[in-house]
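Work through the exercises below with the model open. Try each task before reading its solution.

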Amino acid sequence: MKRMAVVTSGGDAAGMNAAVRAIVRVGTDMGMEMFGVRNGYEGLIAGDILPLLNRDVGEILHLGGTFLGTARSREFRDSIDARRQSVEKMRGESIDGLIVIGGNGSQTGSWELTRLGFPVVGVASTVDNDLYGSDVSIGVDTALDIIIESIDRIRTTAESHHRAFLIEVMGKTCGYLALAAGLAGGADVIVTPEFDIAPAEVEQQLAAAHARGKRYALAVVTDGAKNNAQRCLEHFKAREDEIGYELRVTILGHVQRGGAPSTYDRILASRLGAAAVELLAGGGSGQLAGWIDGAVAFTPLDEVAANKKQL
């Protein structure tokens, strides 16, 4: 293998740049020419591919997001012709293999490219931590740090004003962030898509905190839960007297995905990126580079695409 490309796809995650840096530097050290694809699978379809030298990735380790850009491509997902065009574009540049940094949808795309006969290795990266084949993905640690910092700040106001806060975090179908942040942040109740709790039960937990003499209460809620923060607030608004607290909602939104990557994410991204290059350069393909039981591990992409990670 002489020429290798890397693409960042789907939602951005802090640490993606660190992974790109490791991929380019390890690949260059192995004597390969390295390339980057701009704007995810959309760029792959369009053939928006540029050469990457070590100096091009020299100052990106500490940056959040992805300097290559990213996008969600419905065309790539839905059209085999678009996927074939992507392969043709890479072969037109004499690229021998591709590394895809991304989450569920991105790695399903990796598997589809593998099925077309093109060598692909995935790198686990999603703040939701819902990707099968990795205990933790790039971006998760940073997102949790941001959430916990926010919860700690909100707690100050909540206690000062004798309030209950509903704090909504990301997680379209997976409640990992809510669960981990709720445990680490001392929440009184946690609501996730997997373990959805009716507003009446959330109310009971908040009222119980008040009955114990607690000056404030916190509920951490996943935005993808049926009973998300807004729905709970609608239920509670007329019942503040019964709960015992004034109620407020804070929706953290995309702030969770931004900012400089944590030390853990920088190291994790570097290790997974390096491992992906080594596997692909050695003739391996159709695998996801993830982190399982404290070490780099590889999971077949067909298993990744076919399975849902359990909370």
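**Exercise 1.** Is Ser94 buried, partly exposed or exposed?

*Solution.* Keep in mind that the model is predicted. Start with the relative accessible area of Ser94, which is 45%. Buried requires under 20%, and exposed requires over 50%. Ser94 is therefore partly exposed. Finally, check the backbone. Phi of Ser94 is near 60°, a positive value in a residue other than glycine.

**Exercise 2.** Where is Asp293 found, and what is its relative accessibility?

*Solution.* Locate Asp293 first: the loop between strand 10 (287-292) and strand 11 (295-300) holds it. Its relative accessibility is 72%. The cut-off for exposed is over 50%, so Asp293 counts as exposed. Then read its phi, about 55°. That value is positive, although Asp293 is not a glycine.

**Exercise 3.** How many residues form the largest nonpolar core, and which helix gives the largest share?

*Solution.* The largest nonpolar core has 51 residues. Helix 6 (residues 140-161) supplies the largest share of this core, 7 residues. Another core lies apart from it, with 19 residues, including Val191, Ile197, Phe236 and Tyr245.

**Exercise 4.** Which residues does Ile99 contact, leaving aside neighbours within four places in sequence?

*Solution.* Begin with the core: Ile99 is among the residues with the most contacts inside the largest one, as are Val6 and Val20. Now set aside its neighbours within four places in sequence. Ile99 then contacts Met4, Ala5, Val6, Val7, Ile23, Val121, Val123, Ala276, Val277 and Leu280.

Technical notes:
Residues numbered from 1 in each chain as written. Predicted model: local features only at pLDDT ≥ 70, side-chain atom pairs only at ≥ 80, totals over all residues. Heavy atoms only, no water. Core = buried A, V, L, I, M, F, W, Y, C linked by side-chain atoms within 4.5 Å. Buried < 20%, exposed > 50% of the residue type's maximum accessible area, 1.4 Å probe, protein only. Helix = DSSP H or I, 4+ residues; strand = E, 2+ residues; numbered from the N terminus. Contact = heavy atoms within 4.5 Å.
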